[in-house]
Structures are given as structure tokens and as C-alpha cells.
Amino acid sequence: MGMASRSIGLTEIGEALKKAKSRWYSLHMAAASHAIAQRIPLVDFILEVRDARIPLSSHCQLLSNFPPSSLRRIIVMNKTDLANRSQLKEWTKYFEQQNCISYGVNSHNKENVKEFLNFLQAQVRELKRTGHSGHATTMMIIGIPNVGKSALANSLHQLGRISAAEKGKLKHATVTPHPGETKNISSLKIGSHPNIYLLDTPGILPPQIHDSEVCSKLALTGAIENLVGEKELARYFLAIFNTSDGYKKWERLSTHGNDKFAGQDVEGSSGSKLDMKQRRQYPSDHTQDFMVNRVRQTLLESISCLDGNVQHEKDLEELIEAQFTALREAFLVSSEPGNDSQTKISAKLLNLYRTGRLGHYTLDPLPL
């Protein structure tokens with residue numbers, strides 16, 4: 001990420017988040033932090049779940065209060081499907097060099113979670129082999145909000161229960177797309193012979209985050225929500241997008257010689273009957289493939305038409321303004337007076353980024 005992309009929107013986002021700290025660090029979060037800290041010395045393993053897009057920015061600061069030698073910690077980089085694959089490998093190497101055990105996982109991929117469960121069971125067997133005499137092993141899943149802790153806990157519980165052929169009602173951890181929804185510490189069984197129990201915990205943040213760039217990454221990936229305007233976050237994403245090269249693979253999808261985008265104009269077209277039916281059925285659903293392709297094409301063309309250098313802040317600002325104008329048509333957003341089109345465009349754009357439809361980005365650079 002270049003200097004220009006770091007400066008676009010960062011100051012506004014960082015300052016807004018710092019002022020809003022009391023809204024993310026509630027009494028509930030303070031109580032949860034205290035309860036988790038009390039249990040950490042009592043468990044056999046800590047599974048620190050991080051967002052694979054921000055492997056450093058999403059670290060759980062509470063763990064810094066405990067000597068590393070006192071913890072059996074596994075860094076779990078979740079949401080690998082949204083991160084840059086080659087950079088994910090580099091991060092795995094980095095943690096290995098730091099003598100940290102790490103594992104990349106996609107909590108919504110059953111085979112991936114199954115491999116992770118096998119990995120955890122192997123860790124438990126090794127612990128037993130080295131003299132751990134307890135009948136059951138307890139793991140605590142810990143991390144900041146919205147990194148997918150509860151989704152991962154449920155997937156592990158479901159697979160562990162099936163592999164052990166256990167009957168009875170399936171106990172679930174609460175999963176929502178909104179950060180901070182897990183309220184209590186719950187225990188889920190994820191393995192038998194030996195028995196392994198997983199404590200799912202609420203997402204926690206420190207009372208203060210002094211780094212504006214870290215704040216911005218947490219807001220962009222959804223760990224902190226509703227504390228800063230969507231327009232600022234969308235501008236920040238476009239700055240990252242425009243200064244990366246992820247869009248280059250879309251060049252083959254350009255309208256020049258490719259039918260994939262053909263017939264997808266806002267008004268009238270010569271497209272297939274399926275496209276016509278889709279547009280009637282989903283006039284504003286930006287999650288549909290045909291809409292995603294329109295947005296990709298719009299962003300690609302806007303960069304291709306740039307008469308300047310995206311590494312220069314002024315040129316980048318002008319490009320982002322042009323993209324907002326072009327995206328209004330791509331998202332079929334009305335520009336009538338009184339209609340806050342930029343906010344609507346921003347919300348749709350952030351949704352596509354957060355679901356990986358606009359490419360896979362790892363926002364944290366590797367430490368030098």
C-alpha cells in the first residue's frame with residue numbers, strides 16, 4: 001500500500017474512531033475482557049483467531065498481558081478466502097520464524113475446517129504424549145469482534161460431534177454479521193477420545209487504539225462498525241484498490257472483444273434473455289454476478305482512462321471522485337435531488353469488498 005493510499009481517508013477515519021472509543025469499549029466488553037483474562041491461565045490451548053486480511057492489526061491485545069511462555073497459543077488466520085493467497089503464505093512463514101504456531105482456515109469451508117480439527121487433535125495428542133494427564137483438553141477461542149470466532153466454533157463442534165457419532169441436541173454459538181454479538185462464554189465439545197472442549201468467547205478490543213491506520217483497517221474489514229461514515233471507508237477502499245494491481249486480471253473481461261459484459265447497459269440492451277430476466281428480477285441487487293461484472297468493468301475503465309499517477313495523492317483523489325460518479329450508473333443508483341447516492345454507492349461497494357467480489361486483499365504489509 002503506497003503513501004497516497006494510506007493518506008486518503010485515513011486521518012478522518014482514525015480521528016472519528018478515536019473519538020468514538022467509548023462506543024466500542026462498553027461496560028459489556030470490559031466485563032468480557034475481565035472474564036476471559038481470568039480463564040486464560042486455566043485452559044490448555046488458546047486459539048487466537050485473526051482476520052487473514054489483517055494478520056497483525058487484528059491481534060488480540062489482551063494476550064500481551066501474559067508471558068508468551070505461559071500460553072500454548074495457536075494463531076488462526078480465518079477468512080483466508082478473502083485474503084491474498086500468496087501473501088497468506090508469506091504470513092505463515094513469518095509466524096513460523098517468530099516461533100508461533102499458525103494455521104489458515106476458512107470457517108465456511110467444511111473440508112478446510114475438517115483439516116483444522118485434525119490439526120488440533122494432533123496438537124492434543126502431542127500434549128498428552130508429553131505428560132498432560134487431564135482427561136479432557138480445553139481450548140479457548142479468543143479474538144477481536146467479527147473475525148469469525150463463533151462461526152469457526154460451530155463448524156468445529158458440528159464436525160467433532162459427527163465424527164464421534166454423538167446424539168442429542170446440537171449446541172450452537174451465536175453467529176451474526178455484526179461485531180460484538182457474542183455475549184457470554186459458552187462451551188462446545190469438538191472432539192472425543194480424547195475429549196476436547198472449546199470455549200467460545202465474546203469479541204474484545206482494547207480501550208484505546210492509538211494507530212489511525214490500524215483503526216481504519218479494523219473499520220474497513222468490519223471489526224468496528226457504525227462508528228465512521230461509509231463514504232470515508234469506501235474512499236479508503238478505493239485508494240487501496242487503485243494502488244494495488246488486483247484489478248489487472250479483469251482486463252480480459254473488458255468489453256473490447258468479450259461478451260461477458262455485453263448487453264449489460266443500464267437502459268436497454270441486446271443482451272441474452274437470461275440477462276434481461278435477471279435485471280427485471282434483481283434491479284438493484286449488487287450481489288448478482290451480472291452486477292458484480294458491471295462494477296468491475298466500471299472500475300477497470302476508470303483506471304484505464306486516468307491521465308495521471310495513482311501514487312500522487314491529487315491524481316488519486318480525482319480518480320476516486322470519477323469512480324463514484326461512474327459507480328452510480330453501475331449500481332443503478334438514482335441521482336435525484338435529496339437522494340444520498342454516495343452513501344448508497346459506498347454501502348454497496350463495501351459489501352462487495354467484504355465478500356471478496358472485488359478481489360482478495362491483504363492489508364497488513366509484512367514487518368521489515
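At what angle do helix α9 (residues 230–242) and helix α13 (residues 341–354) pack, and how far apart are their axes? The legends below refer to a predicted model.

**View 1. Packing of helix α9 against helix α13 in the predicted model.** The two helices pack at an angle of about 50°, and their axes are 8 Å apart. Angles from 65 to 115 degrees count as roughly perpendicular and those under 35 as roughly parallel; α9 and α13 are therefore oblique to each other. Their crossing is left-handed. On the α9 side the contact is made by Glu230, Lys231, Leu233, Ala234, Phe237 and Leu238. The α13 side supplies Gln342, Thr343, Ser346, Ala347, Leu349, Leu350, Tyr353 and Arg354. By class, the residues of this contact are eight nonpolar, three polar and three charged.

**View 2. Crossing of helix α8 (residues 212–221) with α9.** The axes come within 10 Å and cross at roughly 100°, which makes α8 roughly perpendicular to α9. From α8, Glu213, Ser216, Lys217, Ala219 and Leu220 meet Leu233, Tyr236, Phe237 and Ile240 of α9. The contact residues comprise six nonpolar, one polar and two charged. Leu233 and Phe237 of α9 take part in this contact and also in the contact with α13.

**View 3. The largest nonpolar core, of 87 residues.** Ile40 and Phe116 touch the most other members of this core. Helix α9 gives the most to the core, with eight residues. Leaving out residues up to four places away in sequence, Phe116 touches Leu47, Val76, Tyr103, Val105, Leu152 and Leu156. Another core, of eight residues, lies apart from the largest one and includes Ala52, Ile75, Met77 and Tyr94.

Conventions. Residues numbered from 1 in each chain as written. Predicted model: local features only at pLDDT ≥ 70, side-chain atom pairs only at ≥ 80, totals over all residues. Heavy atoms only, no water. Axes fitted to C-alpha atoms, helices over the stretch in contact; angles between N-to-C directions. Helix = DSSP H or I, 4+ residues; strand = E, 2+ residues; numbered from the N terminus. Parallel < 35°, antiparallel > 145°, perpendicular 65-115°, else oblique. Left-handed = near helix turned anticlockwise from the far one by under 90°. Contact = heavy atoms within 4.5 Å. Nonpolar A, V, L, I, M, F, W, Y, C, P; charged D, E, K, R; others polar. Core = buried A, V, L, I, M, F, W, Y, C linked by side-chain atoms within 4.5 Å. Buried < 20%, exposed > 50% of the residue type's maximum accessible area, 1.4 Å probe, protein only.
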